[in-house]
Amino acid sequence: MVFQIDKDPVEIPNTLPLLPVRDIVVFSYMFLPLFVGRTSSIKAVEAAMDKNRLILLATQKDPANDNPSPDDIYSVGTVAMVMKKLKLPDNRIKILVQGLVKAEIKNYIKTSPLFTVEINKIVEHIPSEITVEIEALMRNVKEQCEKILSLKGLVSPEVLEVLENVSDPGRLADLVASNLKLHLEESQEILEIFDPVDRLKKVNEYLSKELELSTMQAKIQTQAKEEMSKTQREYFLREQLRAIKTELGDIDEKAQEVNEFSEKIKKAKMPSDAEKEAKKQLGRLEQMHPDSAEASIVRTYLDWMVEVPWSKSTKDKLDIKQAEKVLDEDHYDLEKVKERILEYLSVRKLNKKMKGPILCFAGPPGVGKTSLGKSIAKSLGRKFVRISLGGIRDEAEIRGHRRTYIGALPGRIIQGLKQAGTNNPVFMMDEIDKVGADFRGDPSAALLEVLDPEQNFAFSDHYLNINVDLSNVMFITTANMIEPIMSALKDRMEIIELSGYTDEEKMKIARQFLIPRQLKENGISEKYLKLSDESILTIVNQYTAEAGLRNLEREIGTVCRKVARNVAEGKKGQQKVTRNNIHKYLGVPKRLPEEEQEKNEVGISTGLAWTQVGGEILYIEATLMKGKGNLVLTGSLGDIMKESAQAALSYVRSKSNDLGIPHSVFDKNDIHIHVPAGAIPKDGPSAGITMATALVSAITQTPVNKDIAMTGEITLRGRILPIGGLKEKSLAALRNNITKIIVPDRNKKDLDDIPGTIKKKVEYLFVKHIDDVLKLALVKKRKSTGRKSKKTKR
């Protein structure tokens with residue numbers, strides 16, 4: 001094939017050196033410079049220069065590959081003429097090439113030290129005549145090119161002239177494709193289309209897509225320019241307006257703002273370092289342009305500085321009797337908490353400079369921890385602030401964000417003081433046991449400074465960057481569980497545990513607080529509704545399962561709404577709610593108590609468990625079956641409870657002689673211990689003596705006294721260790737009509753915390769050893785008289 005270039009014919013041989021190129025696809029008639037650095041590529045250029053300057057340019061599939069193999073190079077490329085060659089100082093060469101004609105690699109003759117290939121020259125079939133369809137296609141391509149160039153501001157007479165002078169569809173396609181910013185694969189796809197018209201159609205598709213992108217880009221740029229022009233215009237007009245006001249003698253807004261801040265700083269009576277910082281920032285604001293971004297940040301900072309109650313405080317009401325009256329009006333029982341508050345007031349009355357205490361109310365939900373904080377504030381005559389710490393993971397929630405961040409604010413502590421408006425409020429932090437931690441810091445660690453009387457007189461907030469005195473604040477925290485709280489934080493607080501209420505206490509609280517509140521909220525009065533004591537106790541035992549009062553109030557509210565509807569519909573007279581008709585208002589009972597045992601049974605003992613919503617009884621069952629001495633445990637037991645069962649079995653086996661149990665019983669039988677209900681997870685050490693009692697009963701076939709419940713941890717030596725939650729467990733026994741409880745001897749001290757009403761009804765049997773438990777719990781077998789019973793014939 002002979003190709004014409006610069007009016008001189010050039011014959012293209014069948015064998016040519018190959019130069020793999022990266023990141024570009026070379027088309028025919030295309031001029032471009034190339035930098036050559038690889039050894040094999042330099043040798044290919046030199047081989048071309050030594051002969052006829054012709055070289056095949058083919059694109060690599062992976063531009064990052066420095067040593068491409070034949071499989072890494074596209075098979076279709078372009079034969080090019082090396083027009084110029086220049087050696088560079090870094091041993092690379094720069095060449096200027098012009099694409100001549102497409103060619104397909106037929107065979108690789110050499111791959112080292114350079115690529116030499118046998119090619120098959122591709123002859124394109126030029127249309128004999130330009131049809132209307134081809135003419136329309138070419139015109140569409142040219143018009144789209146002009147539009148894109150116009151949108152990008154690149155229109156010039158020379159470019160338009162080049163486009164107009166191209167009359168060959170294939171050449172037009174190559175010209176446009178070489179100037180479009182297409183992906184490597186898309187450019188190679190166009191190169192491998194050998195039919196000129198089909199190639200031009202493909203280029204037209206990519207042009208349409210590029211035109212849409214260019215149009216959208218131009219639109220975005222226009223909008224941004226218009227917005228910028230609008231901002232500049234507003235700034236210019238605002239400056240003109242300010243100049244006009246100055247000429248007319250109107251008040252300068254900037255000066256007025258500075259004067260206002262100056263007055264507020266004086267009234268705030270800040271500490272010297274805080275006042276110094278505030279005046280410094282005010283001076284900076286005075287020098288700034290009012291509309292600058294920095295001025296807005298400084299203005300917000302000054303707003304916070306003047307609104308923090310540096311010197312504002314409320315005067316404590318130190319009337320002890322009146323405070324006691326307020327606490328009794330708002331809360332029933334809770335004597336320990338009330339006593340602590342009255343002690344604080346008494347000391348405060350004698351020592352005016354006393355630091356605020358750090359109290360932590362721990363107990364199950366609904367026992368009145370948060371409302372107790374409100375009552376304390378009321379009795380002291382202080383403002384009350386509450387924040388919830390549940391789910392907080394960012395330290396900045398406590399200490400605040402640094403002012404370098406957009407939208408920065410002080411932490412929750414400073415925000416609470418601003419909300420209260422005084423520097424000595426009762427500050428309640430709910431859910432301190434639910435504080436989280438992540439890569440942004442640990443809020444619990446930040447609270448160490450807040451809740452330490454020896455440190456919080458100089459609390460540092462990141463936003464204010466000034467020490468704030470928190471020593472006058474009375475901090476109260478609440479938690480459902482003590483264990484999740486960080487040990488160092490726990491050490492700084494005085495923990496007061498609030499356990500659940502007895503049924504009688506709940507009934508009295510309902511009478512005194514809950515029913516009057518729900519009657520008022522639902523728009524009725526005692527004229528329309530009467531709840532009997534038995535109905536309230538039925539709601540407590542059969543419709544709620546909680547240590548607190550939330551669900552009880554919710555169920556009472558349901559009854560009130562039913563009655564309110566009847567009243568609204570015209571029903572007259574008082575509606576009496578009793579134990580027998582409560583289901584008409586609340587539906588079927590949601591919770592049924594454990595069924596009472598009808599008789600003393602073998603292998604069943606009654607245990608007591610503590611839960612977050614109060615106490616529960618557990619029936620622990622043990623049975624023997626023929627086997628190989630295995631211990632089977634079922635009932636969703638936790639690891640601690642499983643260990644208690646194993647310890648109980650080990651003790652029984654070690655004392656088998658004393659208990660009159662043959663050794664063969666353990667070798668020839670499997671022992672199965674089950675704790676209903678199986679779907680509820682259970683764990684804890686206090687079921688040890690209950691399991692041991694059930695085991696001995698099952699092995700010796702001695703019944704267990706159904707009227708006795710027990711709780712205590714057992715050791716391998718048979719000693720009984722103390723337990724927790726005695727009040728809740730006592731309540732559980734009472735709810736199930738059990739009045740005798742076996743308790744570890746070391747729990748005698750806990751009787752002081754048990755209400756007198758419970759101690760009157762429950763008999764506590766204190767034990768030190770498992771032998772004492774067995775003597776009390778197992779029913780002694782009656783001695784046989786040796787006489788045969790006479791059968792009566794009928």
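Student: What is the handedness of the crossing where helix 11 passes helix 12?

Tutor: A crossing is right-handed if the near helix is turned clockwise from the far one by less than a right angle, and left-handed if anticlockwise. Helix 11 passes helix 12 in a right-handed crossing. Helices here are DSSP runs of H or I with at least four residues, strands are E runs of at least two, and both are numbered from the N terminus. The model is predicted, so local features need pLDDT of at least 70 and side-chain atom pairs pLDDT 80 or more, while totals for chains, interfaces and linings use all residues. Residues are numbered from 1 along each chain as its sequence is written, and side-chain values use heavy atoms, without hydrogens and water.

Student: At what angle do the axes of helix 11 and helix 12 cross?

Tutor: Axes are lines fitted to C-alpha atoms, for helices over the stretch in contact, and angles run from 0 to 180 degrees between N-to-C directions. The axes of helix 11 and helix 12 (residues 369–380) cross at roughly 30 degrees and come within 12 Å. Helix 11 is therefore roughly parallel to helix 12 (under 35 degrees; over 145 is roughly antiparallel, 65 to 115 roughly perpendicular, the rest oblique).

Student: Which residues of helix 11 and helix 12 meet?

Tutor: Contact means heavy atoms within 4.5 Å. V337, I341, Y344 and L345 of helix 11 meet L372, I376, S379 and L380 of helix 12. By class, this contact of helix 11 with helix 12 has seven nonpolar, one polar and no charged residues (Ala, Val, Leu, Ile, Met, Phe, Trp, Tyr, Cys and Pro are nonpolar; Asp, Glu, Lys and Arg charged; the others, Gly among them, polar).

Student: Is helix 10 roughly parallel or roughly antiparallel to helix 12?

Tutor: Helix 10 (residues 320–330) packs on helix 12 at about 155 degrees, with the axes 9 Å apart. The two are therefore roughly antiparallel, and their crossing is right-handed. A323, V326, L327 and D330 of helix 10 meet S375, I376, K378 and S379 of helix 12. These residues divide into four nonpolar, two polar and two charged.

Student: What is the hand of the crossing of helix 2 and helix 4?

Tutor: The crossing of helix 2 and helix 4 is left-handed. The axes of helix 2 (residues 132–151) and helix 4 (residues 169–179) come within 11 Å and cross at roughly 20 degrees, which means helix 2 is roughly parallel to helix 4.

Student: In what order do the strands of the five-stranded open sheet run?

Tutor: Strands of a sheet pair through backbone hydrogen bonds, either parallel or antiparallel. Here the order is 10-11-14-9-15, with parallel pairing (two strands pair if DSSP finds at least two bridges between them). Strand 10 (384–388) and strand 15 (494–497) are the edges, each with a single partner, so one side of each has no neighbour in the sheet. Neighbouring strands of the sheet are turned by 20 degrees against each other on average, direction ignored. Helix 11 (residues 335–350) packs on this sheet, touching strand 9 (358–362), strand 14 and strand 15, and its direction makes about 145 degrees with that of strand 15.

Student: Is I432 buried or exposed?

Tutor: I432 has 3% relative accessibility and therefore counts as buried (under 20% relative accessible area; exposed is over 50%, partly exposed in between, with a 1.4 Å probe and protein chains only). I432 lies in the loop between strand 11 and helix 15 (443–450). Not counting residues up to four places away in sequence, I432 touches residues including L389, L447, T477 and L489.
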